[in-house]
Amino acid sequence: MYNDFAEVYDKLQDVDYNAFVDYYERIFEKFGKKPKLILDLACGTGNITIPMAKRGYDMIGLDLSCEMLNIAREKAAAEGLDILFLNQDMTEMELYGTVDAIVCALDGLNYITDPDDLKQVFKLVKNYLNPDGIMIFDINSEHKLREILGGNTFVNEEQGIYYVWQSEFDEETGICDFELNFFCEQPDGSYIRFDEFQSEKAYKVEEITDISASTDLDVIGIYKPFEFSTPDDKEERIFFVISPKIC
C-alpha cells in the first residue's frame, strides 16, 4: 500500500490539516489535557505531524509505508523540525516509552480490517498511553463506505494526474475494497500508469466502543467532525476520543 501513491498523495488531498490540529487542541482543552509528547499513528507524509510540531508539541510519526515516511522526513527537514519517524505496523508498534496523547487522522483505523487486529492496536495504545493520556481518531462511517463509496466509480483529473477510483462494498464482511488506477503525466507529455488496491472496514460505533472496553479504554467522546455534537446515521466521518480506564 502507498508505494507509487506516496509520490502523488499530497497532490490529491483536499484537506484542511490545520482544522484537524485546531480540533485536537479544542479536545485537549475540553478534557483538561496538556500533552507534550504526541504519537501520530498512520502519519503518512506528515501532514498532521508537522503542523503539530510547529505548534510546539514533541511529535512521533508512525507509518507502515517507507515511501510516505521518506516524504515526511524531507518535509520536516525543510521546516527545520526534529521529528522521530518510525516505520512500523501499528498492530506491532514498539515505542521507547509512553506518550501523553495519540492521534490518528483520516480513517487510518479503517485500514485495520480485522477486528482482532484493531483490538491489538488498542491494547498497544493502552500500553503506550500515560495513565491520564488521551487518543483522538476518526473513521469513515459505515454509511459512507456502504452508501457513498461502495458500488461507485469516481473519475478525476488534476495537476497532471488522471485517476479512476472503483469501490465495492461487501455486505457480509463489511469491507469496502478500492481499486485505484493512476495515470501520471511526465515532462515529455507521456503518462505512467500505476495501480493501488486498498480496503477499509466499516466499524459500527458499538464495535469501537466494545473493543475499547475490552482493552481497558473508555470512549469519552463521540462527535461529528470538528464539533462536540453527537453524530447521526448519515454522518460520513466520526471522531472518537478514548482514554485509559481509571481503576
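Helices (H or I, at least four residues) and strands (E, at least two) are DSSP runs, numbered from the N terminus. The model is predicted, and local features need pLDDT of at least 70, side-chain atom pairs count only at pLDDT 80 or more, while totals for chains, interfaces and linings use all residues. Residues are numbered from 1 along each chain as its sequence is written, and side-chain values use heavy atoms, with hydrogens and water left out.

**Exercise 1. Describe the place and surroundings of F197 and of Y191.**

Step 1. F197 is found in strand β9, which covers residues 191–201. Y191 lies in strand β9 as well.

Step 2. Y191, at 41%, counts as partly exposed.

Step 3. Contact means heavy atoms within 4.5 Å. Leaving aside neighbours within four places in sequence, F197 is in contact with F178 and E179. With residues up to four places away not counted, Y191 touches E157, G160, F183, C184 and E185.

Step 4. From C-alpha to C-alpha, F197 and E92 are 22 Å apart in space and 105 residues apart in sequence.

**Exercise 2. Identify the residues that touch the most other members of the largest nonpolar core.**

Step 1. A nonpolar core is a set of buried Ala, Val, Leu, Ile, Met, Phe, Trp, Tyr and Cys residues joined through side-chain atoms within 4.5 Å.

Step 2. The largest such core has 48 residues, and Y24, F28, I38, I48, M52 and F182 touch the most other members. Helix α2 (residues 17–30) gives the most to this core, namely seven residues.

Step 3. Apart from neighbours within four places in sequence, I48 is in contact with Y17, F20, V21, Y24, D40, V103 and A105.

Step 4. A second, separate core has 30 residues, including L39, L95, F137 and I211.

**Exercise 3. Determine how many disulfides the structure holds, and consider C104.**

Step 1. A disulfide is a pair of cysteine sulfur atoms within 2.5 Å. The structure holds zero disulfides.

Step 2. The closest cysteine sulfur to that of C104 belongs to C43, and the distance of 9.8 Å is too far for a bond.

Step 3. C104 is buried, with a relative accessible area of 0%. Another cysteine, C184, counts as buried at 11%.

**Exercise 4. Examine the backbone at L106 and D107.**

Step 1. Most residues other than glycine have a negative phi.

Step 2. L106, although not a glycine, has a positive phi of about 60°. D107, also not a glycine, has a positive phi of about 55°.

Step 3. L106 is placed in the loop between β4 (99–104) and α5 (115–128). The loop between β4 and α5 also holds D107.

Step 4. L106 counts as buried at 18% relative accessibility, and D107 counts as buried at 7%.

Note on methods
Buried < 20%, exposed > 50% of the residue type's maximum accessible area, 1.4 Å probe, protein only.
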